[in-house]
Amino acid sequence: MSGVGELDAAGITDPRLRASYAQARALNAAHGRTYYLATLLLPQWKRAHVHALYGFARHADDIVDDLDSRLTGDERAARLRAWGGRFLAALRDGVPAHAVDAQIAGRGAGQSGPAGEVSVLPAVVDTIRRFALDPGHFAVFLSSMAMDLTVTEYATWEDLLVYMHGSAAVIGLQMVPLLEPVDHSALPYARDLGLAFQHANFIRDVGEDLRRGRVYLPQTSLTLFGVTREHLAAGVVDGPVRRLLAFEVSRARELFRAAQPGIRLLHPTSRDCVQTAFVLYREILDEVERADYRVLERRVAVGLPRRLAVAGPALVRAARARRRHHGGAQISSRPPR
């Protein structure tokens, strides 16, 4: 199903909103990889909204981590603060979704940033209102993104969890209404799944994050195995580094085990999407082990053939679930005024 078909299925007709949702979909397709592939397993009418949430997170991340930017850390912090503050104010003040980026950027509707660049914000605000998402989740997310500009390491796992709550757990909580849980008991599992996904990424990206000046493994873990920041920066994967990473892989696997029962608490038309993402993110840990923990100088990945091998059967199951359940209990496609 094309992006146009997804928008039609969701009942999104306003041209300005359609352009914004299309931009979010393009970001997810270009950068999401596993996330985008899993999104395609959802009913057509849900996909645009998942793209919108991804686009919001991606834009904030780009402000913080654009390596091509000439902005200083303070300038990036100011940009993130201004963008996020005006976005939250637009939500609070009831600015019409199609006009949000005009209000935020002081430009014509559909524009944000460089001339001709379409903003994802109208799609994000539209999605928040259609699904009655908690604006607080977005505020907490922005706070964690701001931490990336000032905090370079975390003393304990508990300290890291404060950051991860905003950067990962709330992503899972944002997604829950779109996935139609059977009841609120799905929420803790969604939180754990967000943490599991992010910790797998932290382990995979140790070297890349270090080159950005950050370490997302707790300092208590480093100390336990006799590893220092300088040790990691040397790029040598020796015994202490392997033991450190094996310990963190074990921690990530515990998070995946804790999250897995929650998949059964979702609507049948959402389960294959989340199960596919679950399997492929968990297999990042397998790839780290297969690479003998050599993640300081390169980035391991679950290869495309494996991703397709997991997603292919899931596509068949997801299509069968949609036929059985008539595509899920679609929310009214008309956003609040």
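Here is a quick tour of the domains, the nonpolar core and a few helices in this structure. It's a predicted model, where local features need pLDDT of at least 70, side-chain atom pairs count only at pLDDT 80 or more, and totals for chains, interfaces and linings use all residues. Residues are numbered from 1 along each chain as its sequence is written, and side-chain values use heavy atoms, leaving out hydrogens and water.

**Two domains**
- The protein chain splits into domain 1 (1-109 + 117-137) and domain 2 (151-325), with bounds that come from an automatic or database domain assignment.
- Taken over C-alpha atoms, the centres of domain 1 and domain 2 sit 23 Å apart.
- Across the divide, 23 residues of domain 1 are in contact with 27 residues of domain 2; contact means heavy atoms within 4.5 Å.

**The nonpolar core**
- The largest nonpolar core has 101 residues, and F56, F87, F141 and L232 touch the most other members.
- A core here is a set of buried Ala, Val, Leu, Ile, Met, Phe, Trp, Tyr and Cys residues joined through side-chain atoms within 4.5 Å, and buried means under 20% relative accessible area (1.4 Å probe, protein chains only).
- Helix α4 hands over the largest share of this core, 11 residues.
- Both domain 1 and domain 2 give residues to this core, so it lies between them.
- Leaving out residues up to four places away in sequence, L232 touches V206, L210, V215, L222, V227, V241, L244 and L296.

**Helices α4 and α5**
- Helices are DSSP runs (H or I, at least four residues), numbered from the N terminus.
- The axes of α4 (residues 44-65) and α5 (residues 73-93) come within 8 Å and cross at roughly 155°; axes are lines fitted to C-alpha atoms over the stretch in contact, and angles run from 0 to 180 degrees between N-to-C directions.
- That makes α4 and α5 roughly antiparallel, a label for angles over 145 degrees.
- On the α4 side, the contact includes F56, H59 and I63, while α5 brings residues including R76, L80 and W83.
- The residues of this contact divide into 7 nonpolar, 1 polar and 3 charged (Ala, Val, Leu, Ile, Met, Phe, Trp, Tyr, Cys and Pro count as nonpolar, Asp, Glu, Lys and Arg as charged, and the others, Gly among them, as polar).

**Helices α7 and α3**
- Helix α7 (residues 121-131) is mostly covered, with 10 of its 11 residues buried.
- Just after α7, A132 takes a positive phi of about 55°.
- T34 is found in helix α3 (residues 34-39) and is buried at a relative accessible area of 12%.
- Not counting residues up to four places away in sequence, T34 touches A277, L280, Y281 and R307.

Notes:
Helix = DSSP H or I, 4+ residues; strand = E, 2+ residues; numbered from the N terminus. Parallel < 35°, antiparallel > 145°, perpendicular 65-115°, else oblique. Buried < 20%, exposed > 50% of the residue type's maximum accessible area, 1.4 Å probe, protein only.
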